[in-house]
Amino acid sequence: MTSAAPGSVQGLHLIVYDIEAARAELVDRGVEVSEIFHDAGGIFHHAGTEGRVAGPDPERGDYASFASFSDPDGNGWVLQEVKTRAPGR
């Protein structure tokens, strides 16, 4: 439990194996999810929408494709596709 105000947490990550399937499942359940995007500068995404490029990472690299949504309290989540975890993670 926390004393943080509802909606005050942003940038929570949910790691998924197949970002297209995960996004589709959320949409089917009525969640408003952004389109899939990748970052203009590489595998790191920035807060907000600056640097977002439409579509998954062209090389479908791990850690490089994202989609975002908010939960009912307004907390911000980011889906991130990872098929093979980096060593040590």
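Leaving aside neighbours within four places in sequence, Val33 is in contact with Arg23, Leu26, Val27, Ala67, Ser68 and Phe69, where contact means heavy atoms within 4.5 Å. I begin with Val33 and will then turn to the protein as a whole.

Please note that this is a predicted model, in which local features need pLDDT of at least 70, side-chain atom pairs count only at pLDDT 80 or more, and totals for chains, interfaces and linings use all residues. Residues are numbered from 1 along each chain as its sequence is written, and side-chain values use heavy atoms, with hydrogens and water left out.

Let us consider the overall architecture. The protein has 1 helix and 5 strands; helices (H or I, at least four residues) and strands (E, at least two) are DSSP runs, numbered from the N terminus. Read from the N terminus, the order of elements is β-α-β-β-β-β. The radius of gyration is 13 Å, close to the 12 Å that the globule rule gives for 89 residues, so the protein is as compact as a globular protein of that length. Here the radius is taken over C-alpha atoms, and the rule is 2.2 Å times the number of residues to the power 0.38. Along the principal axes, the C-alpha atoms fill a box of roughly 40 × 30 × 25 Å. Of the contacts with a separation of 6 or more, 50% join residues 24 or more positions apart.

Next, the interior. Of the 89 residues, 33% are buried; buried means under 20% relative accessible area, exposed over 50%, and partly exposed in between, with a 1.4 Å probe and protein chains only. In soluble globular proteins, nonpolar side chains tend to be buried together. Which residues make up the largest nonpolar core? They are Val16, Ile19, Ala22, Leu26, Val33, Ile36, Ala67, Phe69 and Leu79, 9 residues in all. A nonpolar core is a set of buried Ala, Val, Leu, Ile, Met, Phe, Trp, Tyr and Cys residues joined through side-chain atoms within 4.5 Å. At least two residues of this core come from each of α1 (19-28) and β4, and α1 gives the largest share, 3 residues.

I now turn to the aromatic rings. The structure holds 2 aromatic pairs. In one of them, the rings of Phe69 and Trp77 have centres 6.2 Å apart and planes at 10 degrees, so this pair is stacked. Rings of Phe, Tyr and Trp (its six-membered ring) pair if their centres lie within 6.5 Å; planes under 30 degrees apart count as stacked, over 60 as edge-to-face and the rest as tilted. Phe69 is buried, at 13% relative accessibility, whereas Trp77 is partly exposed, at 25%.

Charges also sit over rings. Arg52 lies over the face of Phe37, 3.9 Å from the ring centre, and the charged end of Lys83 is over the ring of Tyr17, 4.1 Å from its centre. The criterion is that NZ of Lys or CZ of Arg is within 6 Å of the ring centre and within 35 degrees of the ring normal.

Finally, the loop between β3 (52-54) and β4 (66-70) contains Gly55, which touches Ile36, Phe37 and His38, not counting residues up to four places away in sequence. Arg60 lies in this loop too, with a positive phi near 50 degrees in a residue other than glycine. Tyr63 is also in the loop, and its phi is near 70 degrees.
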